[in-house]
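I opened this notebook to record what I looked up in one structure.

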Amino acid sequence: MTEREVNEDYESNTGLVIVERFHGLKPMEMPGVLAAHHGPFTWGKSAMDSLKNSVALETVAEMALGTFALRPDAGPIPTHILNKHYQRKHGPNAYYGQ
C-alpha cells in the first residue's frame, strides 16, 4: 500500500487490497491470503474452519520457504499441474478434498 493509503485508513485500505486481489476469484475456494508487509488473513464457514485454513496457509508458506532455501532458482508451479490440483478439488468432476 502507498504511504497515503496507510496514513488515511490503514485497516480499511488493507481490506480493499484483499478485495482487489480476489476480484474475479471464488474466495471460498482459496480461503486465505498473505498480505505484503502484514501477515496472513484467512476465513471459512466457521471460526474453526478459518483456524484450519490458517494452519494450512502457514504450513504451505513454511513449505515454500523450505523450497526456496534448498533451491533458490525454483520457479512457479507449471500451469498444467496447478490446474490439475485445482480441478480435482473444485472442478465439475471433483474427486479430491480433505
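The entries below cover the model, its salt bridges, a threonine in a helix and a surface patch.

**Entry 1: the model.** I noted that the model is predicted, that local features need pLDDT of at least 70 and side-chain atom pairs pLDDT 80 or more, and that totals for chains, interfaces and linings use all residues. Residues are numbered from 1 along each chain as its sequence is written, and side-chain values use heavy atoms, with hydrogens and water left out.

**Entry 2: salt bridges.** I asked how many salt bridges the structure holds. I found four, a salt bridge being a side-chain nitrogen of Lys or Arg within 4 Å of a carboxyl oxygen of Asp or Glu. Side chains of opposite charge can pair when their charged atoms come close.

For each partner I also looked up the exposure class (buried is under 20% relative accessible area, exposed over 50%, partly exposed in between, with a 1.4 Å probe and protein chains only).

- I recorded Lys52 with Asp49, at 3.4 Å from N to O. The two are three residues apart in helix H2 (residues 47–70), so about one helical turn separates them. Helices (H or I, at least four residues) are DSSP runs numbered from the N terminus. Lys52 is partly exposed, because its relative accessibility is 48%.
- I recorded Asp73 with Arg71, whose closest N and O atoms are 3.3 Å apart. Asp73 counts as exposed at 57%, whereas Arg71 is partly exposed at 49%.
- I recorded Glu29 with Lys26, at 4.0 Å from N to O. Lys26 is exposed at 55%, and Glu29 is partly exposed at 24%.

**Entry 3: Thr14.** Is Thr14 buried or exposed? I found Thr14 in helix H1 and buried, because its relative accessible area is 9%. Its side chain reaches the backbone oxygen of Tyr10 at 2.8 Å. Not counting residues up to four places away in sequence, Thr14 touches Met1 and Phe41, where contact means heavy atoms within 4.5 Å.

**Entry 4: a nonpolar patch.** I asked which residues make the nonpolar surface patch of about 220 Å². They are Met1, Val6 and Val17. Patch members have over 30% relative accessible area and no salt bridge; like charges are joined within 9 Å and nonpolar side chains (Val, Leu, Ile, Met, Phe, Trp, Tyr) within 5 Å. Accessible areas come from the Shrake-Rupley method with a 1.4 Å probe, and for residues only the protein chains shown count as cover. Val17 belongs to helix H1 (residues 3–21) and is partly exposed, at 37% relative accessibility. I noted that Met1 is named both in this patch and among the contacts of Thr14.

How values were computed: Polar contact = N/O pair within 3.5 Å; in protein donor to acceptor, adjacent residues only side chain to side chain.
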